[in-house]
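Me: I would like to learn how to read a model of this kind. Please take me through it feature by feature.

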Amino acid sequence: MLGKIYGIICLLALLFGIWNGNAAALGGAVIDGAAGAVQVTLSLCGMMCLWCGMMEVLREAGAIRRLSRLLRPLLRLIFPRAAQTGEGLEEISANVSANLLGIGNAATPMALRAMEQLQKHNPKPDRASAEQITLAVLNTASVSLIPANLLALRRAAGSPQPYAIMVPVWIVSVVCAALAVVLTRLIGRGK
Amino acid sequence: MLETISALAMPMVAVLVGLIMMIGKKDYFAAFTRGAMEGLKTAVRLLPTLCALLTAISLLNASGAVEMIAGWLAPAAGAIGVPQELLPLLLTRPFSGSASTAAFTDLLSRVGPDSFAGLCASVIFGSSDTVVYVITVYCSSVGIRRTRWAFPCAFAVMLFCIFFSCFLCRIWFA
């Protein structure tokens with residue numbers, strides 16, 4: 001699937017590039033893309049080190065266990081298997097909390113650790129398990145109590161009321177997150 | 001006020017961890033470096049995937065495809081209740097955080113952050129994420145190659161998010 005997406009994007013880019021007369025820009029774009037990957041990885045390295053380190057401290061101190069006990073009723077509905085085995089539940093709790101607090105750069109490390117824990121119970125390691133898919137799709141709905149980035153961009157654009165969109169954003173992201181869970185679980189049950 | 005709380009959330013977690021290290025009886029600093037090492041390994045494992053993905057996306061951005069497809073879809077978008085100014089944002093959002101942030105900023109400066117299109121764009125920007133990037137990174141970090149129904153579901157949710165945002169803005173800001 002990932003290979004297909006890569007192929008489709010490259011092919012589209014080439015066709016449109018030639019059509020638009022942007023063919024010369026494509027050569028530079030290839031190099032920029034590869035160099036950009038290193039930059040993204042570098043900043044990701046820092047974030048992963050910091051948040052996975054802090055997560056380990058909080059886990060040893062028992063804070064994450066308390067957090068996951070708090071969120072358990074909700075998580076049992078969304079991730080029934082993980083709630084049963086207990087594997088990955090703490091990481092998922094941390095991921096959900098980071099999303100809610102709007103700490104986007106902490107949410108990714110927590111989610112990746114959760115994927116690793118869920119992978120332990122994945123019968124076929126080269127294909128995603130139902131709960132891994134639910135976790136990934138849920139994270140694309142980006143439920144956040146305080147969308148700080150969005151507010152900053154609206155303020156920078158000179159909006160007199162940057163907060164006006166807060167409640168609609170909450171409604172849409174909660175509905176979309178619910179849809180993500182229902183959709184992925186319905187399909188997962190059929191397979 | 002809310003932005004202050006949000007800005008403080010991250011430092012607060014760091015301070016909490018610092019306090020645990022200071023007061024705790026176990027060797028919490030060792031726990032930190034152990035966890036950090038695990039995180040570092042995961043991040044490094046992602047470089048090959050990111051290299052392929054970001055090269056493809058960089059090509060797509062340079063090709064001018066987004067502007068062209070947006071031009072084609074403009075009449076259709078208006079007909080189904082989605083302001084056509086949103087199209088560059090909607091077409092870049094699934095693939096690239098930086099490109100969609102640029103499209104969003106450009107849109108706000110052209111139509112105004114509190115115009116109907118500006119409000120719709122804000123709600124969509126705040127409640128969606130870079131679908132392709134998220135799913136690719138999550139799956140390849142643990143060596144998953146077959147993503148099964150992850151992409152179809154994520155795109156369906158995103159499509160719903162677009163229509164629902166425009167619909168909600170229409171009644172909310174009427």
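**Reading a two-chain model**

Reply: Start with surface. Chain A exposes about 8600 Å², and carbon and sulfur atoms supply 66% of that area. Accessible areas come from the Shrake-Rupley method with a 1.4 Å probe, and for residues only the protein chains shown count as cover. This is a predicted model, in which local features need pLDDT of at least 70, side-chain atom pairs count only at pLDDT 80 or more, and totals for chains, interfaces and linings use all residues. Residues are numbered from 1 along each chain as its sequence is written, chains are lettered from A and ligands numbered from 1 in the order in which they are written, and side-chain values use heavy atoms, with hydrogens and water left out.

Me: How many helices and strands does the secondary structure of chain A come to?

Reply: Helices (H or I, at least four residues) and strands (E, at least two) are DSSP runs, numbered from the N terminus. Chain A has 9 helices and 0 strands. Its C-alpha atoms fill a box of roughly 55 × 50 × 35 Å along the principal axes.

Me: What share of the 191 residues in chain A is buried?

Reply: Buried means under 20% relative accessible area, exposed over 50%, and partly exposed in between (1.4 Å probe, protein chains only). In chain A, 50% of the 191 residues are buried.

Me: How do I read contacts within the chain?

Reply: Contact means heavy atoms within 4.5 Å. Take the contacts in chain A with a separation of 6 or more: residues 24 or more positions apart account for 60% of them.

Me: Now the interface. How many residues of chain A are in contact with chain B?

Reply: 98 residues of chain A contact 94 residues of chain B. Buried area is the accessible area (1.4 Å probe) that two parts lose on being put together, summed over both. Between chain A and chain B that comes to about 8300 Å², with 76% from carbon and sulfur atoms.

Me: And the polar side of the interface?

Reply: A polar contact is a pair of N or O atoms within 3.5 Å; within protein, one must be able to donate a hydrogen and the other to accept it, and residues adjacent in sequence count only if both atoms are side-chain atoms. Between chain A and chain B, 21 residue pairs are in polar contact (both at pLDDT 80 or more). The largest share of the side of chain A that touches chain B comes from H2(A), with 25 residues. By class, that side has 65 nonpolar, 23 polar and 10 charged residues. Here Ala, Val, Leu, Ile, Met, Phe, Trp, Tyr, Cys and Pro count as nonpolar, Asp, Glu, Lys and Arg as charged, and the others, Gly among them, as polar.

Me: How many salt bridges does the rule find across the interface?

Reply: A salt bridge is a side-chain nitrogen of Lys or Arg within 4 Å of a carboxyl oxygen of Asp or Glu. The rule finds 5 between chain A and chain B. B:Arg34 forms one with A:Glu56, the closest N and O atoms being 3.6 Å apart.

Me: Is A:Ser68 buried or exposed?

Reply: A:Ser68 is buried, at 7% relative accessible area. A:Ser68 lies in helix H3 (residues 63-78) of chain A. Its side chain reaches the backbone oxygen of A:Arg65 at 3.1 Å. Not counting residues up to four places away in sequence, A:Ser68 touches A:Leu89, A:Glu90 and A:Ser93.

Me: What should I check in phi?

Reply: Most residues other than glycine have a negative phi. B:Arg148 has a positive phi, near 50 degrees. B:Arg148 sits in the loop between helix H8 (131-141) and helix H9 (150-172) of chain B.
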